[in-house]
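Work through these exercises with the sequence and the model side by side. Try each task before reading its solution.

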Amino acid sequence: MKVSIVGITGYSGLELVRLLNNHREAELVSVYASKEIGTRLSDIYSYLKGICDLEIQAFDSQAIMSETDLVIFATPSGIAKELAQDFLAADFPVIDISGDHRLPAEIYEKWYQKTPAKQSDLDKFTYGLAEFTDVKGKKFISNPGCYATATELALLPLIKAGAADLDNIIVDAKSGLTGAGKALSESSHFVNVHDNYVTYKLNRHQHIPEIVQELQLFDKDLQHLQFSTSLLPVNRGIMATCYSKLQKPLTEAEINQIYDACYADKVFVRMQEELPELHNVIGSNFTDIGFAYNEVTNVLTVVSVIDNLVKGAAGQAIQNLNLMMGFDETEGLLMSPSYL
């Protein structure tokens with residue numbers, strides 16, 4: 001199948017190029033952006049010479065639909081909801097990596113501080129948390145956020161099993177700098193981030209309602225969670241450290257059984273005997289999860305790590321593409337982490 005990417009010059013767009021280059025069923029045939037139009041992608045990013053020499057084009061929905069079979073939006077939030085309308089009207093397959101189609105209109109407007117998509121457009125999209133959502137045959141996929149992916153995969157087995165005390169869930173999540181996108185800002189300036197640790201958007205991060213919305217599918221009594229986000233002085237990776245009191249004390253074997261029931265056949269989720277670390281997933285589509293239980297406080301700590309640009313964005317988009325089209329779920333994605 002033939003694929004187009006809109007928003008090619010961002011980190012997620014460039015990661016899509018890397019992944020699609022190794023995909024045997026999908027071919028990247030056109031790339032679009034709002035700048036550097038008429039320039040070959042490899043002339044801007046020399047590491048792509050001989051890998052992707054496509055010329056960057058100005059957005060043209062009709063050209064995309066005439067030349068390709070699916071479009072992936074790797075644009076900042078606020079853009080895809082406008083540009084996707086022609087594709088929705090034509091019933092042309094879309095995967096949106098941005099947050100524009102993840103939430104109901106009124107919730108999106110509150111948390112993103114932007115005008116939302118039409119509710120009729122939002123109703124067409126399926127939220128594609130790949131390990132829990134059946135997207136086969138779907139036309140419009142909203143890709144989960146990076147923080148949301150790490151947190152949901154850590155907590156959903158507990159919620160699904162009815163093991164968590166729903167009023168006592170705390171998530172302390174940290175991200176590498178690529179999670180903030182390529183736009184320059186004081187918060188991501190090298191001198192402010194290097195050798196530093198900064199908590200930001202406390203109780204205000206736009207992924208909070210997305211996480212709650214997904215967890216509520218498995219227990220509607222869950223109303224909230226305490227969620228914090230911090231920047232790590234690293235390029236990429238997310239670590240979500242999740243704390244939950246349990247409904248009743250559990251043994252390690254019982255906790256393992258809860259997670260195995262969800263992930264035993266999920267190739268991209270790996271349960272680890274020790275608490276996981278970022279190096280073990282960087283450059284890959286894997287989510288590594290580990291836990292530790294405190295019998296004194298009855299608190300279970302679950303740690304999940306992902307690469308924010310792969311499993312948290314481009315990789316999960318390709319995973320969803322594979323599931324949508326009936327390809328092998330691992331196609332283009334079964335690569336070892338870079339580790340070093």
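Contact means heavy atoms within 4.5 Å. This is a predicted model: local features need pLDDT of at least 70, side-chain atom pairs count only at pLDDT 80 or more, and totals for chains, interfaces and linings use all residues. Residues are numbered from 1 along each chain as its sequence is written, and side-chain values use heavy atoms, with hydrogens and water left out.

**Exercise 1.** Locate Cys146 and list what it is in contact with, leaving aside neighbours within four places in sequence.

Solution.
- Step 1: find the element. Cys146 is found in helix 8. Helices (H or I, at least four residues) and strands (E, at least two) are DSSP runs, numbered from the N terminus.
- Step 2: check the record. UniProt, in an unreviewed entry, places the feature "active site" at Cys146. Such annotations may be inferred rather than shown by experiment.
- Step 3: list the partners. They are His207, Ile238, Ile306, Asn308 and Gly312.

**Exercise 2.** Is Cys146 buried or exposed?

Solution.
- Step 1: set the cut-offs. Buried means under 20% relative accessible area, exposed over 50%, partly exposed in between (1.4 Å probe, protein chains only).
- Step 2: apply them. Cys146 has a relative accessible area of 11%, so it is buried.

**Exercise 3.** Describe how helix 10 is covered.

Solution.
- Step 1: count. Eight of the 10 residues of helix 10 are buried.
- Step 2: name some. Among them are His207, Glu210 and Glu214.
- Step 3: find the cover. It includes helix 6 (105-112), strand 6 (126-127), helix 8 and strand 10 (226-231).
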